[in-house]
Amino acid sequence: MQLLKLFFGILLVQMATVILMYLSPPDFTTIGIARLGIPLLFISLMASFWFLSLSQYFYKDTEEKIKRDFAKEREKIKSDR
């Protein structure tokens with residue numbers, strides 16, 4: 001499930017990039033490059049923040065699972081004594 005969220009984000013960024021390239025003017029002047037670069041910069045920043053928040057969520061979830069498993073193992077060892 002986690003891979004699908006990341007894949008969806010990558011696919012969304014790629015689709016936005018392709019759409020912006022099709023909508024861009026055929027001659028790339030300085031203004032044309034700026035018109036293309038600023039939205040692409042904004043999209044890449046939003047995607048990077050999205051991926052960062054997803055990775056922090058996945059890390060927190062995994063860390064809690066490891067702590068639970070460790071506590072269960074510790075209790076099992078204590079009860080075996």
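Accessible areas come from the Shrake-Rupley method with a 1.4 Å probe. On this basis the protein, which is a predicted model, exposes about 7100 Å², and carbon and sulfur atoms supply 70% of that area. Of its 81 residues, 9% count as buried.

The protein has 2 helices and 0 strands. Its radius of gyration is 22 Å, whereas the globule rule gives 12 Å for 81 residues, and because the value is well over that of the rule, the protein is more spread out than a compact globule. When taken along the principal axes, the box filled by the C-alpha atoms is roughly 80 × 20 × 10 Å. As for charge, there are 11 positive and 8 negative side chains, and the centres of these two sets lie 3 Å apart.

The structure also holds 3 aromatic pairs. In one of them, the ring centres of Phe8 and Trp50 are 6.1 Å apart and the planes stand at 85°, so the pair is edge-to-face, given that planes over 60 degrees apart count as such. Because Phe8 lies in helix α1 (residues 2-23) and Trp50 in helix α2 (residues 30-80), this pair ties together parts that are 42 residues apart in sequence. Another pair, formed by Trp50 and Phe51, is stacked, with 6.0 Å from centre to centre and 15° between the planes. Phe8, Trp50 and Phe51 form one aromatic cluster.

Methods
Residues numbered from 1 in each chain as written. Heavy atoms only, no water. Helix = DSSP H or I, 4+ residues; strand = E, 2+ residues; numbered from the N terminus. Rg over C-alpha atoms; globule rule 2.2 N^0.38 Å. Buried < 20%, exposed > 50% of the residue type's maximum accessible area, 1.4 Å probe, protein only. Lys, Arg positive; Asp, Glu negative; His and termini not counted. Charge placed at Lys NZ, Arg CZ, Asp CG, Glu CD. Phe/Tyr/Trp six-rings, centres within 6.5 Å; stacked < 30°, edge-to-face > 60°.
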